Amino acid sequence: MNTYNPYMSLPGITSEEMAVLHQATSSLSDTQKQSFYMIYSSKRKSPQDILLFTLLGFIGIAGIQRFLVGQVALGIFYILTIGFCWIGTIVDLINHQSIANEYNQKMAYESFNIAKMGV
């Protein structure tokens, strides 16, 4: 009854993210699940990566973490305002997990659609 769970190998995965992935892939065949896993693991961002890039905002360019998750306009705004005078950067530092989870949920949805189409 001990089955291999490929999602456990993803760095920084949370139980919430694991539940979303199991729910998203429940209707897929085994081949589609493998395809989903390959696509999702290449697009997924680790919460530790978001944390690292947010910390770089204090010593380098603020907003890199927003570019990393595809929020280009907000990233440019962070650069122009020095991370909202570092207040936005501090907020992102506290909320790095939710930023990663939100992005990863979007990528799970995209990966599901790609895997479902069989591409």
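User: Is glutamate 17 buried or exposed?

Analyst: Glutamate 17 counts as buried, at 6% relative accessibility. Buried means under 20% relative accessible area, exposed over 50%, and partly exposed in between (1.4 Å probe, protein chains only). Keep in mind that this is a predicted model: local features need pLDDT of at least 70, side-chain atom pairs count only at pLDDT 80 or more, and totals for chains, interfaces and linings use all residues. Residues are numbered from 1 along each chain as its sequence is written, and side-chain values use heavy atoms, with hydrogens and water left out.

User: OK, what does glutamate 17 meet in a salt bridge?

Analyst: The side chain of arginine 44, at 2.7 Å, N to O. A salt bridge here is a side-chain nitrogen of Lys or Arg within 4 Å of a carboxyl oxygen of Asp or Glu. Arginine 44 is buried too, with a relative accessible area of 9%.

User: How many salt bridges does the structure hold?

Analyst: Four. One of them joins the side chains of lysine 43 and glutamate 110 (3.0 Å, N to O). Lysine 43 is in helix α2 and glutamate 110 in helix α8 (residues 96-117), so this pair ties together parts 67 residues apart in sequence. Helices (H or I, at least four residues) are DSSP runs, numbered from the N terminus.

User: How accessible is glutamate 110?

Analyst: Glutamate 110 is partly exposed, at 34% relative accessible area. Lysine 43 counts as partly exposed as well, at 24%.

User: Switching topic, what about arginine 66 and aspartate 92?

Analyst: Their side chains meet in a salt bridge, 2.6 Å from N to O. Arginine 66 sits in helix α4 (residues 64-68) and aspartate 92 in helix α7 (residues 87-94), 26 residues apart. Both arginine 66 and aspartate 92 are buried.

Terms used. Helices (H or I, at least four residues) and strands (E, at least two) are DSSP runs, numbered from the N terminus.
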